[in-house]
Amino acid sequence: MTRSLFLDSSGWFAALSPRDRMHGAASDAYRRATVEGVSLVTTDFVVAEMHALLLRWRDQSTGARFLDLVYRSGTHVVVHADDGLVGDALTHWIRQFTDQRFTLCDAVSFEVMRRERITTALALDRHFATAGYRTL
């Protein structure tokens, strides 16, 4: 496995949701990464998306436990989307891929992956492959 794995909400949610059709594969990939000591990298945008999904799927308590896991366990690296990162995401991904419907969250994720030389994402979103990244 890779040294760093980017966590997108599509794959991360599938890993946590037994009802998701991709749960088995996503959960196995997430578990394998944690066991192998792979650096789990994401952005505050993705964390916000995940929190919103968990609030809809479950309840406030589940959302709070998720945030504690991400921010207090020391197992995840959360990159803050500051003005420079967002600006580069707009330049490299939104403006250069006008034929794609990349969200700002996608573009920021791709830019973090580009900057950190992360080649693989736990993602079900086809946009990651379109942007040139491998997905698990």
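Let me begin with a word we will need: a residue is called buried when its relative accessible area is under 20%. With that in mind, and remembering that what we are looking at is a predicted model, we can say that buried residues make up 42% of the 136 residues in the chain.

Turning to the overall form, the chain has a radius of gyration of 14 Å, and because a compact globule with 136 residues would have a value near 14 Å, the two agree. Along the principal axes, the C-alpha atoms fill a box of roughly 40 × 30 × 30 Å.

If you follow the secondary structure, you will find seven helices and five strands, and reading along the sequence they come in the pattern β-α-α-β-α-α-β-α-α-β-α-β. Among contacts with a separation of 6 or more, 62% are between residues 24 or more positions apart.

Now let us look at one residue, His76, which sits in strand β3, covering residues 76–79. Is His76 buried or exposed? Its relative accessible area is 9%, and because the cut-off for buried is under 20%, His76 counts as buried. The side chain of His76 makes a polar contact with the side chain of Tyr30 at 2.8 Å, and another with the side chain of Thr75 at 2.7 Å. Leaving aside residues up to four places away in sequence, His76 touches Leu7, Trp12, Tyr30, Leu40, Leu69 and Val70.

Definitions and conventions: Residues are numbered from 1 along each chain as its sequence is written. This is a predicted model: local features need pLDDT of at least 70, side-chain atom pairs count only at pLDDT 80 or more; totals for chains, interfaces and linings use all residues. Side-chain values use heavy atoms; hydrogens and water are left out. Helices (H or I, at least four residues) and strands (E, at least two) are DSSP runs, numbered from the N terminus. The radius of gyration is taken over C-alpha atoms; the globule rule is 2.2 Å times the number of residues to the power 0.38. Buried means under 20% relative accessible area, exposed over 50%, partly exposed in between (1.4 Å probe, protein chains only). Contact means heavy atoms within 4.5 Å. A polar contact is a pair of N or O atoms within 3.5 Å; within protein, one must be able to donate a hydrogen and the other to accept it, and residues adjacent in sequence count only if both atoms are side-chain atoms.
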